[in-house]
Amino acid sequence: MNKHVDGMASRPLRTERAGVVVTRTGVNLGAEITGIDLRKPLSDEQFEAIDAALVEHALIVFRDQDISSANLMDFGRRFGELTVHPFAPNEGKNAPELIKFRNDENTPPFGTDVWHSDETFRAEPPMATILCAKEVPAVGGDTMFVSMAAAYDGLSEKMQQYISGLEGIHDMKPFRPLFGKSQEERKNLQHFELQYPPQLHPVVRIHPVSRRKVLFVNPQFTVGIDGMDERESRQLLDTLFHQALVPEYQHRHHWQPHTIAMWDNRSTQHYAVHDYYPQRRYMERVTIKGGPVTGLPKANPASVRKAKFAAPAHVDTHGGHKPHR
Ligand code: SIN
């Protein structure tokens with residue numbers, strides 16, 4: 001059974017700093033921000049208030065912001081360098097940092113309907129992502145978010161101790177099917193595999209600003225636990241992935257045109273609900289560069305084996321005994 005942690009329930013519902021009004025919309029994550037116009041440059045005080053709200057609430061939402069793509073990129077750049085997604089189609093030379101998701105029945109989004117933190121296959125995954133709604137379905141097309149700090153707090157103390165110091169293996173596996181089977185495409189895939197080898201990240205990361213402990217494994221990119229065999233890994237990961245499914249740790253975000261959501265990628269996961277076809281949904285996205293992922297000291301560095309996981313397309317979680325490798 002999960003502990004449902006509502007330690008945040010006693011915080012104030014509404015705060016104001018430099019004219020930036022932050023209203024909580026969820027117990028474990030989520031707040032709406034009013035009092036600013038993102039078409040205009042932010043003052044340092046406004047920026048600091050928003051930056052603090054991002055860390056505190058993990059998901060911040062701005063309504064009625066009819067901004068241009070350039071405004072969106074400028075806003076993102078206040079938080080740091082924008083990154084270019086290696087696999088998502090982007091706006092080319094003029095704005096490689098900008099992703100336009102134009103989706104309908106014939107062009108469904110790729111791989112967003114699985115719980116994930118963005119790009120954890122990178123050595124330094126993004127610190128935050130900003131998504132701006134241009135055209136939204138009349139019904140459906142929500143995005144689900146989950147606080148992975150609450151998910152960590154909700155584990156039993158025994159499990160928290162057990163996973164402290166472990167490292168997850170994060171891999172670009174979901175993108176492999178994007179490459180075809182021709183010789184040239186396979187060569188291209190090899191090039192990306194060399195550029196993005198599997199990464200080890202702590203299973204429990206320490207948020208660099210809040211210092212909260214965060215459960216940092218996700219079913220999209222985490223393919224194993226370093227030093228464990230496949231079956232052990234899979235069973236532990238299933239247990240940990242389950243934490244994202246606990247409603248108490250989640251927030252369901254409903255989009256309207258000109259809504260902007262920004263999430264702290266260090267402490268959340270998200271899932272785009274693919275229920276809106278044949279309606280259209282058009283969103284613009286930028287992502288902000290993150291730093292190294294730091295965690296608790298390793299449990300037993302001597303026992304760490306290098307990753308032998310070949311990013312299995314499917315692992316049988318209930319099959320027969322799999323011998324140690
Ligand atoms: C994403 O996974 O970055 C996209 C989320 C969404 O489309 O709601």
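A residue is near a molecule if one of its heavy atoms lies within 4 Å of it. This is a predicted model, where local features need pLDDT of at least 70, side-chain atom pairs count only at pLDDT 80 or more, and totals for chains, interfaces and linings use all residues. Residues are numbered from 1 along each chain as its sequence is written, and side-chain values use heavy atoms, with hydrogens and water left out.

Q: Which residues surround the ligand?
A: Thr112, His116, Asp118, Leu131, Thr143, Trp263, His270, Ala272, Arg281 and Arg285 do.

Q: How much of the ligand does the protein bury?
A: Alone, the ligand exposes 260 Å², and the protein buries 98% of that (Shrake-Rupley areas, 1.4 Å probe).

Q: Why do β7 and β15 count as paired?
A: Strands pair if DSSP finds at least two bridges between them; a strand is a DSSP run of E, at least two residues. Five bridges join β7 (residues 143-147) to β15, so the two are paired, and they run antiparallel. One of the links is Thr143 with Ala272.

Q: What makes β13 and β15 edge strands?
A: In the open sheet β13-β7-β15, β13 (250-253) and β15 (268-272) each pair on one side only.

Terms used:
Helices (H or I, at least four residues) and strands (E, at least two) are DSSP runs, numbered from the N terminus.
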